[in-house]
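I opened my notebook to look up a few residues and how they pair and pack. My entries follow.

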Amino acid sequence: MNTERKRPPRPEPVDLREVGAPIDGEPQISDQRLFFQLHVFERCFYPDTIIDMIKSKTLAAVFYDDLNNPTGLGVLLVADNPALLMHQSDALRSIQDRSVSQISYRPEMTMIGRTYSSGREPDLEEWLVNKPLGNVLNPDFPWAIWYPLRRNPEFYRLEDSERGRILAEHAMLGRSYAAGGHASDIRLACFGLDTNDNEFVIGLVGPELYPLSRLIQDMRQTEQTTKYIESLGPFFVGKVRKRWIKDA
């Protein structure tokens, strides 16, 4: 009688690459992704001086005047490596030690996320890198609304086909606004990155503010939002003061 215990099977290696829709029968695979992090300050009495200090240490950034705070400044940093975000944050820390202002940081408004794929993207690189970066840097899109969200656990218990149907309704609404030139989005995942356990960060950008607000209003009526969103916000509403790309 063989009393030797069977060894449990070895787990399969985890594939961390992003996957897009197949082309000629071959799936698109990529290790590329971008990280976006929004920092918000108040009491910025000399915003242009502060922006110049930050620019010298960043690769790409967007600076927003805060609609809801006359002395507020939003700083959106972009990097392909989270370690670069940490390096760029050194500039944000240093400005609080300088005498140019009495600037103060608003940690409750900090948002961070990474671009991701769903497996259905027809052009994976466009989705992961070119489209989100192009949207935040588009000179025709001066307005932006950024906010985090978290779905409730019931959504993740649904069958894949049911989740797909619910998300398709939401996505179709967003595409209708994009088709009219009213709004474009930046969709980021932030599982395990957000201090409040949010799962996604959404950026809406466009030529005018009203359509962005209206899109959020219309999305409140979708099945995803009415049944499966547990929390939304806080919302940061800004208008671009300056954009920056190193060596651009």
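I started with E223, which is buried because its relative accessible area is 19%, and the cut-off for buried is under 20%. The model I am reading is predicted. I found E223 in helix 7, residues 223–228. Leaving out residues up to four places away in sequence, I listed its contacts: E162, R165, I166, E169 and Y228.

Next I turned to salt bridges. Side chains of opposite charge can pair when their charged atoms come close. I noted a count of 15 salt bridges.

I looked at E18 and R33, whose side chains meet in a salt bridge at 3.1 Å, N to O. E18 is in strand 1, and R33 is in the loop between strand 2 and strand 3, 15 residues apart. E18 counts as buried at 8% relative accessibility. R33 is buried too, at 19%.

Then I checked R106 and D66, a salt bridge with its closest N and O atoms 3.8 Å apart. R106 lies in the loop between strand 6 and strand 7 and D66 in strand 4, so this pair ties together parts 40 residues apart in sequence. D66 is buried, at 9%.

R157 and E154 form another salt bridge, at 3.5 Å between the closest N and O atoms. Here R157 is exposed at 62%, while E154 is partly exposed at 41%. I also traced one network of salt bridges with shared partners: E162, R165, E223 and K227.

Last, I looked at the largest nonpolar core, which has 26 residues. F36, L38 and F236 are among those touching the most other members. Helix 3 gives the most to this core, 5 residues.

Note on methods
Residues numbered from 1 in each chain as written. Predicted model: local features only at pLDDT ≥ 70, side-chain atom pairs only at ≥ 80, totals over all residues. Heavy atoms only, no water. Helix = DSSP H or I, 4+ residues; strand = E, 2+ residues; numbered from the N terminus. Buried < 20%, exposed > 50% of the residue type's maximum accessible area, 1.4 Å probe, protein only. Contact = heavy atoms within 4.5 Å. Core = buried A, V, L, I, M, F, W, Y, C linked by side-chain atoms within 4.5 Å. Salt bridge = Lys/Arg side-chain N within 4 Å of Asp/Glu carboxyl O.
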